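Let's take a friendly walk through a protein and its ligand. Have the sequence and the 3D view ready as you read.

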Amino acid sequence: MKKIIIGNFKMNSTVSEFKSYAMSLATKTKGTKNTVVVCPPYTHLTTAKEFLSGSKVFVGAQNIADAESGAYTGEISAKMVKDAGANYVIIGHSDRRNKFKETDKLINRKIKTALANGLKVVLCVGESLQTRMEKQEAAFVRKQIDDDLKGIYENELESVVIAYEPIWAISTNRTEKTKAITARDINKMIEIIRKEIEAQYSQKASKNITILYGGSVNLNNYKKILGNENVDGAIIGGACLDVDNFAMIARETY
Ligand code: PEP
């Protein structure tokens, strides 16, 4: 089965370091049947486009502004990232929701702007450890889906991928006490998300929507996580920084 494998570089690497990464990734992913997307920082997008064009790897941005243009010092628009070479954009990552206080309303506007500019959206949702301990994770994720996709038409969902990323399972948030997520936990939430899409849209939309998992996917667990037929792919943070590791996960037949 063809999967989507997305690398989230976060705020790592310089442009020159990324140049050799991109060249290497292009070579190492030759022949993969999966859709591979790498999301470097904004400053690396044109380099990514240059060194990945003609390869199997698509380029994504990690964020965009909700506005189209104007007096928004320090912001980068959807049109700009598209022009720089991005086909995808990650929206609603928990780093942005928590560290930059992005609300569902803002995320909803960003999704609309991204779609209007022809970008494919990777919408990240997922609960905190506290929410899970209170057994509120289903209600929490359902509300994120409802609020983030408000006003998005069913036909636009073709350009939206949902990534379930429980905040507590992301490698940089884990502590020694955090248990590894189980296939049961992942399947349960994927089913909740599909049901919510069915409730808000239709059975067809629910069947067709692409749902990824993200949170500490690495060389030790990727076969098991991506071998799960309910998981359409993965978003990978820490483990994508090593080109050999990322390419190995991206090359695998699932
Ligand atoms: C992420 O932060 O998007 C992520 C999936 O990170 P990691 O793979 O390092 O848990």
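## What you are looking at

Keep in mind that this is a predicted model.

## Around the ligand

## Polar contacts and cover

In the side chain of Lys-10, an N or O atom is 2.5 Å from an oxygen atom of the ligand. For the side chain of Glu-165, the distance from an N or O atom to a ligand oxygen is 2.7 Å. Gly-238 takes part through its backbone: one of its polar backbone atoms is 2.8 Å from an oxygen atom of the ligand. How much of the ligand does the protein cover? On its own the ligand has 300 Å² of accessible area, and the protein covers 99% of that.

## Two pairs of helices

Two packed helices are described by the angle between their axes and the distance between those axes.

Start with helix α1 (residues 15–28) and helix α2 (residues 45–52), which pack at about 30° with their axes 9 Å apart. Angles under 35 degrees count as roughly parallel, and therefore α1 and α2 are roughly parallel to each other. Their crossing is right-handed.

Now find helix α7 (residues 137–148) and helix α8 (residues 183–200), whose axes come within 10 Å and cross at roughly 40°. That angle makes α7 oblique to α8. The crossing of α7 and α8 is right-handed.

Terms used
Residues are numbered from 1 along each chain as its sequence is written. This is a predicted model: local features need pLDDT of at least 70, side-chain atom pairs count only at pLDDT 80 or more; totals for chains, interfaces and linings use all residues. Side-chain values use heavy atoms; hydrogens and water are left out. A polar contact is a pair of N or O atoms within 3.5 Å; within protein, one must be able to donate a hydrogen and the other to accept it, and residues adjacent in sequence count only if both atoms are side-chain atoms. Accessible areas come from the Shrake-Rupley method with a 1.4 Å probe; for residues, only the protein chains shown count as cover. Axes are lines fitted to C-alpha atoms, for helices over the stretch in contact, and angles run from 0 to 180 degrees between N-to-C directions. Helices (H or I, at least four residues) and strands (E, at least two) are DSSP runs, numbered from the N terminus. Angles under 35 degrees count as roughly parallel, over 145 as roughly antiparallel, 65 to 115 as roughly perpendicular and the rest as oblique. A crossing is left-handed if the near helix is turned anticlockwise from the far one by less than a right angle, and right-handed if clockwise.
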